[in-house]
Amino acid sequence: MYGVAAPVKEFRIVIADDHPVVRAGIATLLETSGGFKVVAQANTGVEAVEQWKRHRPDLILIDLKMPAMGGLEAIARIRAESADAAVVVLTTFDGDEDIFRAMKGGARGYLLKDASAEELVACLRSVCDGRSYIPAGIAGKLASRISTNALTERERQILAHVASGESNKRIALKLQITEGTVKTHIASVLSKLDATSRTEAVAIARRRGLIDG
């Protein structure tokens with residue numbers, strides 16, 4: 001007598017992305033590839049957290065930049081609810097700071113949106129099975145970020161004001177510090193980013209995901 005094969009487990013997925021076409025395409029891909037069931041979709045970070053709480057999926061696939069609440073904050077809120085929540089980032093942002101903050105925040109996988117369908121499926125299966133998934137290019141940028149001198153929170157804050165075109169005097173007034181302190185922080189930023197000017201520092205910071213823009 002032949003035994004009855006055990007049913008194949010379907011991993012329950014929530015997709016969070018503010019582009020409906022992207023969400024629909026991923027949902028179709030996952031459900032036709034077998035082994036996945038998309039239980040909900042979210043358009044914003046707030047919705048992502050709500051849908052995760054409602055469905056408690058095996059994994060949430062989330063973009064970094066979304067309305068109302070970004071992916072990083074959404075990940076933090078989800079992980080605060082459950083430290084073992086499985087999160088994979090799928091985004092266009094490949095700055096080393098974006099990658100570092102996502103992985104430090106608890107993401108178990110990080111893919112760019114130009115990844116192949118096969119790689120996306122492999123990533124999700126790996127993470128659903130309890131492993132991490134970081135492609136070589138992403139891992140290299142993460143290692144580079146970890147080995148460099150990170151900007152302090154105050155330096156990032158001042159650099160954001162610099163990016164808005166504000167003078168040292170204006171920044172000092174806003175942050176209630178001395179103009180000399182602002183200059184000291186900016187000098188430190190230039191050194192850490194290996195930049196020769198404020199403009200170059202802002203460009204490097206935006207490329208790496210240190211500041212928005």
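# Close-up views of a predicted model

**View A. Leu 159 counts as buried, because its relative accessibility is 4%.** Buried means under 20% relative accessible area, exposed means over 50%, and partly exposed lies in between, with a 1.4 Å probe and protein chains only. The model is predicted: local features need pLDDT of at least 70, side-chain atom pairs count only at pLDDT 80 or more, and totals for chains, interfaces and linings use all residues. Residues are numbered from 1 along each chain as its sequence is written, and side-chain values use heavy atoms, with hydrogens and water left out. Leu 159 sits in helix α7; helices (H or I, at least four residues) and strands (E, at least two) are DSSP runs numbered from the N terminus. Setting aside neighbours within four places in sequence, Leu 159 is in contact with Leu 151, Val 189, Leu 193, Ala 201, Val 202, Ala 205 and Ile 211. Contact here means heavy atoms within 4.5 Å. Leu 111 lies 48 residues from Leu 159 along the chain, and their C-alpha atoms are separated by 28 Å.

**View B. Ser 126 belongs to helix α5, which covers residues 117-128.** Ser 126 has a relative accessible area of 9% and is therefore buried. Apart from neighbours within four places in sequence, Ser 126 is in contact with Arg 131, Ser 132 and Tyr 133.

**View C. The rings of Phe 11 and Phe 36 form a tilted pair.** The count of aromatic pairs comes to 1. Rings of Phe, Tyr and Trp (its six-membered ring) pair if their centres lie within 6.5 Å; planes under 30 degrees apart are stacked, over 60 edge-to-face, and the rest tilted. The ring centres of Phe 11 and Phe 36 are 6.3 Å apart and the planes stand at 45 degrees, so this pair is tilted. Phe 11 is in strand β1 (residues 11-16) and Phe 36 in strand β2 (residues 36-42), so that the pair links distant parts of the chain, 25 residues apart. Both Phe 11 and Phe 36 are buried.

**View D. Helix α4 is mostly covered, with 7 of its 9 residues buried.** The buried residues of α4 are Asp 96, Glu 97, Asp 98, Ile 99, Phe 100, Ala 102 and Met 103. After α4 comes Gly 106, which has a positive phi near 120 degrees.

**View E. The largest pocket has a volume of about 230 Å³.** Of the 13 residues that line the largest pocket, Lys 65, Leu 72, Arg 101, Arg 156 and Asp 212 are the closest to its centre. On a 1 Å grid over the protein atoms alone, a pocket is an open set of points where a 1.4 Å probe fits, with protein on both sides within 12 Å along at least five of seven lines; lining residues have an atom within 4 Å of a point. Grid points are joined across faces, edges and corners, and a volume is the space filled by probe spheres set on the points. Helices α3 (71-81) and α4 (96-104) each supply at least two residues of the lining of the largest pocket. The largest share of this lining, 3 residues, comes from α3. By class, the lining of the largest pocket has 4 nonpolar, 3 polar and 6 charged residues. Ala, Val, Leu, Ile, Met, Phe, Trp, Tyr, Cys and Pro count as nonpolar, Asp, Glu, Lys and Arg as charged, and the others, Gly among them, as polar.

**View F. The second largest pocket has a volume of about 160 Å³.** Among the 13 residues that line the second largest pocket, the closest to its centre are Glu 97, Phe 100, Arg 101, Arg 145 and Arg 156. Two or more lining residues come from each of α4 and α7 (153-163). Helix α4 gives the largest share of the lining of the second largest pocket, 4 residues. This lining divides into 5 nonpolar, 1 polar and 7 charged residues.

**View G. Arg 56 has a positive phi of about 45 degrees, although it is not a glycine.** Arg 56 is in the loop between α2 (45-55) and β3 (59-62). Its relative accessibility is 42%, so Arg 56 counts as partly exposed.

**View H. Gln 176, a residue other than glycine, has a positive phi near 60 degrees.** The loop that holds Gln 176 runs between α8 (168-175) and α9 (179-193). Gln 176 counts as exposed because its relative accessibility is 76%.
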